[in-house]
Amino acid sequence: MKFHKILGKCDPQIITEAEGMLSSTFTELAMGYKTKAFGSKLGGDVFLHQLISPLKHICDARGIEFDVECEKMHAEFEAENVPVEQRDAIIAALKKQFGNKLLYTAATNGSIFYWAPQFIIKQSKIGLRLIVGHEGWHSIYMHPSRRGSRNPALWNIAVDFKVNFTLMDDLRLRDFRHPEEVFQKELGDFITLKEYGGFLKDPFNPPAKLALWNPTLSMKHTMERMANPGYKNPDDKEPKSLYFAEPQLADDMKRPENIYDYLFNQIPKCSTCGKIGVWKKPEAYKKLEKQVKEMQADMKDHSNDAKH
Amino acid sequence: MSDIASDFNLQRINTKEYADNLKATIDFGGNLLAIARRGTGKTSICRDVILGGKYKEVYVNLATKERPDLAGYPDFFNGKKDNFVNFLFPSMYRHLMEGDQPCIAVLDEVDKAETGLLSPLLEFIQERSIDGHKLKNLHAVVMMGNLPSEGGTRPPAPLLDRTEKFLVEINPEHWLEWAGTSGLIHPSIAAYITDNLHDLSGDVDQGENYSDRSPRGWHNASKLITFGERKGWHPTMMMHKVAACVGRKVGIKYSAFFEHYQVLLPVVEKIMKGEKVQEFSQFENTKKLVVCMILCSRYARMLDEIKDKAGDNFRNIIMPDDVKDAGKYVSKFLLNIDPEMALISIRGQLGAKRVLDHNLTDDENWDRILTELLAKIG
C-alpha cells in the first residue's frame, strides 16, 4: 500500500512507517476470517479488505506541520512577550492557512481514506486493525451521505457510537469475551451513550470521565492564560484519547438516526424561542465569565492607549 | 482486456473471434497462425471447432520433432537390394494421404520448432505435400505459438508469409461463458473470476515468479477441487492445490472467497427457502452483511427476470409464487436483523426503483421494513 497523496510536511520516516503498518493491516484483512496467524491475530475480513484496500488513501500530515509551526511561534511569543489576544489571532490565521480542519486521527468520506501518520504509528496491531475497521464501517454504512441537514459534529458522534458498537460486536463474534476491555486497552477509554447524553444535558455537571470538558474548568484556564500569557493548561500535555462507544446498544438505538435524535433531544432548548444549547450557567461559571470579560475589556483599553 | 504491451503488428482478436476465424479459415481451406499467451485456450478452442465440423484432427507438437519426423526416414533396412532409397513417412501422414476424410493439421508450438523443420513445413503448408508426395486429405493448417516474453521465438518470415496471423487475447467474459456452458470450471472459481476479472490471467512477464494465474491454471485448479470435493479433501488442502496452480497471492484471495462460497451460500439458500438459520448470529459482522447483500441481490435478480420476460407489461403480470415466497422470506429475515445491515443491503442491491416498479410496499413485511428503515434517511 502506498499513499496516493501526502498533505503537509513531516519526517518521511513517519510516512514510510505508517504505510508499512497500514499495508500489514490490509494484508491481514485479505486473509480468511479464521486465519488468525497474522498481525493482530483477529482473523481476516475479506469484505472490509475489498472495500478499503482499492480506494484512495491519503496521508494527512498537516496536523504535524501545524504543531511544529505552532511550537516555533510560541517560542517567539514568549521571547517577544506577545499579548494573549495577538497570540490567538496569529495562531487562528495560521490554522486558516492549513484549512482550519486539521486531522489528528483518521477519516473517510466513503470513497477516500485520510490517515494522520503520527496517529497510525502509535497504534498497536489490534488498535490499528480496529481503526481501519472503524473507517471501513463508516464507509459501509454510507454515513456521510445520510447526514442530510443534521448537525455535522453531532451526526459524526452518533455514527461513531454505531460504528464502535459494530467493532465491539465483531470482537465478540471473534471470541473475545470482553470486547470493551480490548477496545479500551488497544485504543483508549470511551464515553458511553448515556454519559455523553448526560454531558449534553448539563455540561456544567459532567460525568467523571468528562470532567475535563466542564466549561467552568475551561473558563478557569482561559482566565489563567489571560493573566499569564505563558500559562499552559496542564491537561493539554497528555490529551487522553476518548472514543464515543457503546458496548451494548439497545435495539432501538442501532440506527445512527435514532442515536442522533436521542442526543439532540438531550440538549436543552429555550422554552420561548426554541434556540438549542441554552444551558443554565452555574454561579461559579458566571463569575469567571464576568472576570474574563473584564480582563478582555482592560486589555482592549490598554491596547488602544498604546496605539494613541 | 488487453495488457500485452506490443501487438507485434498482428491483428488482435479475442477468443470468440478466434473461434469464428478458425471456422472460416477451415471452411476456406487456408492456413492460420494463432499467437497467444500461455493458457489462453488456443488449442482447446481449435479442437472444439474441428470437432464441430466434418474434419479429422491431425495433431503435431513441433517442439518434439526433428527434420526426419516431418520429411520421412530413409528405408535402409527393408532387406531388398536396390540402388535407390525410398522414404518412410511417419504414421501421422497416413490420415493425410489415405482414405478420403478431410483433415486439419494442428501444428502446436510452432514458435519452439527447430530451424531444420522450416523447409518441410513450407512445403507442407504451401503445397499440401511432403517431399513431393501429395497430402490429398490435408484441408487446412492451424498453427499455434506463444509470445516471445513467454519463451517463444518469432517463426521465420517465409512461414509467416504463408499464413494468416492473429494475436489472440483472452476475454474473461467469453471464458466465463465457456466455463458456464462446458461445466469444466468449478462454480466457486467461475464466481471468483466473475468478481475478479483481472485475476484470470497474470502478467505477461512472470519475472522471477514460478507460478502465476492463467486460464489453464484455473482450469487445472477446477479439476483438482472438483475431485477433492468428491473425495472429501480437507479445505486447507484444496486451497493449497489452487494456490499451487495459480500462485500463492491469488490463491490467498481465492481462499477467502471460497470460505464465503462454502459457508455463506448455503445460509443464503436456507433463508430463501424460509428455513431457520441459527448459524447467522454467530457470523462476523461483514459476513452477516454479505449474506444480506446476496439475499437482496438474488431477490433483485428474480424481480428483474419478471421484467425481462414480460417487458413493459410487467406491472400487469401476477408475481410467480417462487418470487412471492422469496420476497416474503427475505423481508421477514431483514426485519429481524441489525437495521443498518438491512438498510445497506436494500439500498445497495435492491434499490428504490425496483421497490416502486414491483410495488413491494403492497406487501406487509416490505412495507414495514421500508417504512421503518427509509423514513429517516436524509
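Buried here means under 20% relative accessible area, exposed over 50%, and partly exposed in between, computed with a 1.4 Å probe on protein chains only. This is a predicted model in which local features need pLDDT of at least 70 and side-chain atom pairs count only at pLDDT 80 or more, whereas totals for chains, interfaces and linings use all residues; side-chain values use heavy atoms, with hydrogens and water left out. Residues are numbered from 1 along each chain as its sequence is written, and chains are lettered from A and ligands numbered from 1 in the order in which they are written.

View 1. A:Tyr260 counts as buried at 6% relative accessibility, while A:Phe264 is partly exposed at 27%. The two residues are 4 apart in helix α12 (residues 256-266), a separation of about one helical turn. Helices are DSSP runs of H or I with at least four residues, strands are runs of E with at least two, and both are numbered from the N terminus. A pair of aromatic rings is described by the distance of the centres and the angle of the planes. The rings of A:Tyr260 and A:Phe264 are stacked, at 5.8 Å centre to centre and 15 degrees between the planes. Rings of Phe, Tyr and Trp (its six-membered ring) pair if their centres lie within 6.5 Å; planes under 30 degrees apart count as stacked, over 60 as edge-to-face and the rest as tilted.

View 2. Over all chains, a search of the whole structure finds 25 aromatic pairs. In one of them, the ring centres of A:Tyr196 and A:Phe199 are 6.1 Å apart with the planes at 20 degrees, so this pair is stacked. Both residues belong to helix α10 (residues 193-201), 3 residues apart, or about one turn of the helix. A:Tyr196 is buried at a relative accessible area of 8%, and A:Phe199 is buried at 12%.

**View 3. Charges over rings.** In chain A, the charged end of A:Lys209 sits over the ring of A:Phe190, 5.2 Å from the ring centre. In chain B, the charged end of B:Arg47 sits over the ring of B:Tyr59, at 4.8 Å from its centre. The criterion is that NZ of Lys or CZ of Arg is within 6 Å of the ring centre and within 35 degrees of the ring normal.

**View 4. The buried side of helix α9 of chain A.** Within α9 (residues 179-186), A:Pro179, A:Val182, A:Phe183 and A:Glu186 are buried. They cover an arc of only 100 degrees around the axis, which puts them on the same side of the helix. The arc is that of the directions from the helix axis to the C-beta atoms. The cover over these buried residues includes α6 (125-140), α8 (152-173), β5 (189-191) and β6 (242-244) of chain A, where contact means heavy atoms within 4.5 Å. A:Gly188, which follows α9, has a positive phi near 150 degrees.

**View 5. A four-stranded sheet in chain A.** The open sheet has 4 strands in the order β1-β2-β4-β3, with mixed pairing. β1 (5-7) and β3 (106-108) stand at the edges with a single partner strand each, so one side of each is left without a neighbour in the sheet. Two strands pair if DSSP finds at least two bridges between them. β1 pairs with β2 (residues 56-60) in the parallel sense over 3 bridges, and A:Ile6 has A:Cys59 as its bridge partner in β2.

**View 6. Enclosed parallel strands in chain B.** In strand β2 (residues 31-36), 6 of the 6 residues are buried, so the strand is largely enclosed by the rest of the structure. B:Asn31, B:Leu33 and B:Ile35 point one way, and B:Leu32, B:Ala34 and B:Ala36 the other way. β2 pairs in the parallel sense with β9 (residues 138-146) over 6 bridges and with β10 (residues 164-169) over 5 bridges. B:Ile35 stands opposite B:Gly145 in β9 and has B:Leu167 as its bridge partner in β10. B:Leu33 has B:Met143 as its bridge partner in β9. Strand β6 (residues 103-108) runs parallel to β9 and is joined to it by 5 bridges, with B:Val106 opposite B:Val142.
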